[in-house]
Amino acid sequence: MTNLRISLIQGATIWHDPAGNREYYGDLIAPLHDTTDLVILPETFTSGFSNDAIGNAETVDGPSVAWMREQAAKIGAAVTGSVQIREGEGVYNRLIFATPDGGLQMYDKRHLFRYAREHERYAAGRERLTVEWKGWRICPLVCYDLRFPVYSRNRFDVEREGGLDYDLLIYIANWPSARDHAWKTLLRARAMENLCFVAGLNRVGEDGNGIHYSGDSAVIDYLGHPISECQDMEVVSTTTLLGAELAAYRERFPAMLDGDRFTIA
């Protein structure tokens, strides 16, 4: 495996202002031209986490997805983050993975946050996504998905013959500071149990509902150790993931060979 450079964009998303957020995050992304392979934006980065934003949901052909494609082409790296997308009768909290060549892959958040009544307004996704990028297999998930380890389980010899499903697990989030201990703990657990790198990207600031977010974005290695950690501030953090070290660890400690076989309904 080659190395992979990933950039966490821990920003203070502007409440219900898609155009303003595209400009804001675009300014943070611009200096990364030719210095990274993957840029990670927060969950619902065009609006903040809001049930009321559903009225302004775009289609896949709308300005925010087009903007992500443009950013990927400009900086020569993949760009991922989620926006509210209307499809048919439903609106999804949809993660977009855009690549510089114009490619587009999508994942709809499966676990909707009942505590904030997200499940009453949004439609749930059904299929997990694995993206192949720069020689890495990447599984991108969204916020509340972090609390459900079965869904993120890294299986052996299922999606990839003789290997694990993925090498990097990503969680993009609007995770309030009131539950920051769960965020930090579960990111480490997901890395250790799945023998993979984990990147958790959260927002900072206060949203329109008065909820505070402390960031705490981090890149965690396969042992559960943080490679990089962000504090409660706007920051762009780039980390290089060492593919050879991950492969060597899996060779030394092949716990995946003892994993349970299962399917998800």
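I began with the second largest pocket, whose lining, sorted by class, has 9 nonpolar, 3 polar and 5 charged residues; here Ala, Val, Leu, Ile, Met, Phe, Trp, Tyr, Cys and Pro count as nonpolar, Asp, Glu, Lys and Arg as charged, and the others, Gly among them, as polar. The model is predicted, so I note that local features need pLDDT of at least 70 and side-chain atom pairs pLDDT 80 or more, while totals for chains, interfaces and linings use all residues. Residues are numbered from 1 along each chain as its sequence is written, and side-chain values use heavy atoms, with hydrogens and water left out.

The volume of this second largest pocket comes to about 240 Å³, a volume being the space filled by probe spheres set on grid points that are joined across faces, edges and corners. Of its 17 lining residues, I found Arg-155, Phe-156, Met-256, Gly-259 and Asp-260 nearest the centre. (On a 1 Å grid over the protein atoms alone, a pocket is an open set of points with protein on both sides within 12 Å along at least five of seven lines, a cavity is a set where a 1.4 Å probe fits but cannot get out, and lining residues have an atom within 4 Å of a point.)

I then turned to the largest pocket, which holds about 350 Å³ of space. Its lining has 19 residues, and those closest to the centre are Phe-49, Phe-113, Ala-116, Arg-179 and Ile-211. By class I read 10 nonpolar, 4 polar and 5 charged residues there.

Next I traced an open sheet of 6 strands with mixed pairing, in the order S5-S4-S3-S2-S1-S14. (Strands (E, at least two residues) and helices (H or I, at least four) are DSSP runs numbered from the N terminus, and two strands pair if DSSP finds at least two bridges between them.) At its edges I found S5 (104-108) and S14 (235-241), each pairing on one side only. Within it, S2 (38-40) and S3 (78-87) run parallel, joined by 3 bridges, and Val-39 stands opposite Val-79 in S3. Helix H2 (63-75) packs on this sheet, touching S2, S3, S4 (90-98) and S5, and its direction makes about 170° with that of S3. (Contact means heavy atoms within 4.5 Å; axes are lines fitted to C-alpha atoms, for helices over the stretch in contact, and angles run from 0 to 180 degrees between N-to-C directions.)

S7 (136-142) and S8 (168-172) pair in the parallel sense over 5 bridges, and Pro-140 stands opposite Ile-170 in S8.
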